Amino acid sequence: MDIGCLHFSISIVNSDTVLVFPCEAGHVTCLDCFRQYCVSRLLERQFLEHPSGGYTLQCPVGCESSYIEDVHHFKLLSKEQYERYQRFATEEFVLRNGGVLCPQPGCGMGLLVDPECKRIQCQNGCGFVFCRNCLQGYHIGECLETPQPNAGAAPNYTIDPLRASEARWDEASKIAIKVTTKPCPQCRTATERDGGCMHMVCTRFGCGFEWCWVCQTPWTRDCMAAHWFG
């Protein structure tokens with residue numbers, strides 16, 4: 001007797017290992033098709049956080065009560081894919097519980113913090129201190145509005161390949177600047193620390209704000225005592 005493979009409509013000899021979804025219809029899939037189903041859902045970030053099943057998938061048909069409750073099944077993924085699955089699961093848990101993800105390029109650490117806290121430091125991660133509201137480096141005063149592109153507008157220009165290539169370099173430079181600098185909490189000027197103590201003085205004309213490189217807040221005696229030289 002053959003069992004119809006749910007996902008790709010091929011036949012499975014009943015001696016093969018199969019996975020039966022916990023739905024009323026008892027839909028079945030072979031392990032190869034299940035693996036491909038998992039990979040496609042993972043790439044599209046379509047796994048769901050389920051109260052009893054954790055970060056999981058349901059039957060591809062969409063049957064009710066068909067979520068896989070034993071997440072060990074997802075170890076059928078490759079090592080890299082499973083690590084991505086675990087990272088996505090952690091991020092989803094953090095966001096669903098009112099947390100935030102560190103916005104620093106290359107980090108993304110999940111942080112569970114007080115909902116009323118505006119100043120957030122990436123603990124056990126990169127150490128970046130940022131504003132909860134705008135996800136930019138921590139600052140004093142209101143957040144600056146970021147202009148949003150008009151997604152519905154049709155472009156009326158041609159793309160110059162040379163300038164497009166230069167733009168990619170510019171974007172890489174922006175990321176490098178964001179990783180290696182911190183904004184002055186008062187005027188938001190990108191500041192790079194090249195050795196020395198943690199006591200920063202903004203060199204922008206008209207600012208001169210004194211702040212702590214670690215805390216990204218006004219320089220105080222507490223900063224001096226705790227981490228003047230790191």
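Is L135 buried, exposed or partly exposed? Select it and see. L135 has a relative accessibility of 34%, so it counts as partly exposed. The cut-offs behind that call are under 20% for buried and over 50% for exposed. Bear in mind throughout that this is a predicted model.

**Stop 1: L135**

Stay on L135 and show the backbone. The residue sits in the loop between β10 and α3, the helix at 161–180. Its phi is positive, about 60°, although L135 is not a glycine.

**Stop 2: N124**

Now select N124. This residue lies in the loop between β9 (119–121) and β10 (129–131). Here too the backbone deserves a look: phi of N124 is near 60°, a positive value in a residue other than glycine. N124 counts as exposed, because its relative accessibility is 77%.

**Stop 3: helix α1**

Move to residues 31–43, which form helix α1. What span should its 13 residues have? At 1.5 Å a residue the answer is 18 Å, and the end C-alpha atoms are 18 Å apart, so the two agree.

Next, show the side chains of C33, F34, Y37, C38, V39 and L42. These are the buried residues of α1. An α-helix has 3.6 residues a turn, so residues three or four places apart point the same way. What do the buried residues of α1 pack against? Colour three elements to find out: strand β3 (18–20), strand β4 (28–30) and helix α2 (79–96).

Then step past the end of the helix. R45 follows α1 and has a positive phi, near 55°.

**Stop 4: α1 against α2**

Keep α1 and α2 on screen and hide the rest. Two packed helices are described by the angle between their axes and the distance between the axes. In this pair, the axes come within 11 Å and cross at roughly 50°. The helices are therefore oblique to each other. The crossing of α1 past α2 is left-handed.

Zoom in on the contact. From α1, select V39, L42 and L43; from α2, select Q81, R84, Y85 and F88, which they meet. By type, the residues of this contact comprise 5 nonpolar, 1 polar and 1 charged.

Methods: Residues numbered from 1 in each chain as written. Predicted model: local features only at pLDDT ≥ 70, side-chain atom pairs only at ≥ 80, totals over all residues. Heavy atoms only, no water. Helix = DSSP H or I, 4+ residues; strand = E, 2+ residues; numbered from the N terminus. Expected span 1.5 Å × (residues − 1). Buried < 20%, exposed > 50% of the residue type's maximum accessible area, 1.4 Å probe, protein only. Contact = heavy atoms within 4.5 Å. Axes fitted to C-alpha atoms, helices over the stretch in contact; angles between N-to-C directions. Parallel < 35°, antiparallel > 145°, perpendicular 65-115°, else oblique. Left-handed = near helix turned anticlockwise from the far one by under 90°. Nonpolar A, V, L, I, M, F, W, Y, C, P; charged D, E, K, R; others polar.
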